[in-house]
Amino acid sequence: MPWTFSELTPERILLAVEKATGLRMTGLVAPLPSYINRVYELQDTSGLRHIVKFYRPGRWAKNALLDEHRFLLDCQEAELPVVAPQNFADGPTLAEAGGIFFALFPKKAGRELDITGDGDWEMLGRLIARLHNVAASGRAAHRLHLHPEKTLHQDARSLMADCIPPRLRQEFEDLLARLKETALPLFEKQPVIRLHGDLHRKNILHRPGEGLLLIDFDDMMTGPPIQDLWLLLPDRPEKCPREMGLLLEGYESFRPLPPRSRDLVEPLRAMRQIYFLAWCHRQQKDARFAATFPDWGSEGFWRQEIRDLQDQVRRLTPRAAQPGFHFIADL
């Protein structure tokens with residue numbers, strides 16, 4: 001029978017890694033913070049530290065995980081600051097034990113990025129543009145496609161099936177239809193590339209003396225490039241034009257941003273709200289989830305979520321905030 005995460009004992013972890021790598025490990029098995037997957041720090045007998053990640057069963061298929069690894073290896077080859085998976089003894093970067101896929105990474109430490117000046121925003125823009133130059137050189141056929149007809153449709157369908165209280169279902173369905181109808185024209189003819197997908201500040205580390213490090217590609221997907229920029233902003237684009245301008249100035253020194261990309265920010269924010277709700281729906285039977293989200297699924301919970309989404313959907317009317325900018329109206 002396949003293992004569950006609770007069956008990942010230190011003995012099984014060490015045995016699986018030793019068998020896949022041919023390395024001899026010490027007894028160190030230190031769990032690291034990770035809600036979705038299970039991540040541990042190990043040490044081999046030569047003294048080298050490693051990070052092993054056991055992927056949550058059922059979340060990603062094997063080919064989807066290999067798409068993520070391929071992207072990381074492409075970035076490493078282009079000398080981008082990422083942590084790429086290591087090859088196992090028989091070659092691949094992905095192994096399996098007890099029905100759970102796992103990968104091994106070198107240990108690299110750093111602290112959460114602290115943006116302190118204009119130069120930091122420009123530096124971030126340049127780094128993301130370099131990432132996107134690599135991203136555009138390949139495909140990720142087995143990952144999610146961030147688009148109203150793809151991810152939004154799939155997430156909405158899973159929520160509507162058995163999640164929304166009956167008396168709120170029609171209101172929620174009408175709201176999703178309005179979101180999709182408004183967002184679709186904005187995505188028309190927008191180019192898509194491989195993306196980090198969840199590029200907020202906690203997923204960028206600063207390593208003293210070495211610079212920045214991009215981490216946690218677990219939500220890697222395909223979609224419009226602006227997705228990897230807007231999550232870094234301290235507020236909505238029209239409320240932080242200086243930071244947005246500096247970020248784009250750095251980005252466009254290495255790579256042009258497709259026209260009207262900035263009109264996608266608020267639709268993407270709304271889609272992220274739906275994506276998070278669908279993610280919660282998939283995790284609701286997990287013991288950690290119940291402790292973290294005790295009110296999940298109640299009628300009061302859904303009423304508040306609908307109010308938040310209504311407020312967000314009202315923001316989806318585009319306007320030109322100033323010449324050359326295409327922001328979303330803050331109604």
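Two strands pair if DSSP finds at least two bridges between them. Helices (H or I, at least four residues) and strands (E, at least two) are DSSP runs, numbered from the N terminus.

## About the model

This is a predicted model, in which local features need pLDDT of at least 70 and side-chain atom pairs count only at pLDDT 80 or more, while totals for chains, interfaces and linings use all residues. Residues are numbered from 1 along each chain as its sequence is written, and side-chain values use heavy atoms, with hydrogens and water left out.

Let's start with strand 2, which covers residues 38–44. Strand 1 (residues 25–32) pairs with strand 2 in the antiparallel sense over 5 bridges. In one of these pairings, Met25 has Asp44 in strand 2 as its bridge partner. The two strands form a hairpin, with 5 residues between them.

Strand 2 is also joined to strand 3 (residues 49–54), by 6 bridges, and these two run antiparallel. Here Tyr40 has Val52 in strand 3 as its bridge partner. Strand 2 and strand 3 form a hairpin too, with 4 residues between them, and Gly47 in the turn has a positive phi of about 105°. Strand 2 is mostly covered, with 6 of its 7 residues buried (under 20% relative accessible area; exposed is over 50% and partly exposed lies in between, using a 1.4 Å probe and protein chains only).

Strand 8 (residues 204–207) and strand 9 run antiparallel and are joined by 4 bridges, with Ile204 opposite Leu214 in strand 9.

## Where helix 5 meets helix 8

The axes of helix 5 (residues 166–187) and helix 8 (residues 265–283) come within 10 Å and cross at roughly 140°. That makes helix 5 oblique to helix 8 (under 35 degrees counts as roughly parallel, over 145 as roughly antiparallel, 65 to 115 as roughly perpendicular and the rest as oblique).

Which residues touch? Phe172, Leu176, Leu179, Ala183, Leu186 and Phe187 in helix 5 meet Pro267, Leu268, Ala270, Met271 and Ile274 in helix 8, where contact means heavy atoms within 4.5 Å. The residues of this contact divide into 11 nonpolar, no polar and no charged (Ala, Val, Leu, Ile, Met, Phe, Trp, Tyr, Cys and Pro count as nonpolar, Asp, Glu, Lys and Arg as charged, and the others, Gly among them, as polar).

Definitions and conventions:
Axes are lines fitted to C-alpha atoms, for helices over the stretch in contact, and angles run from 0 to 180 degrees between N-to-C directions.
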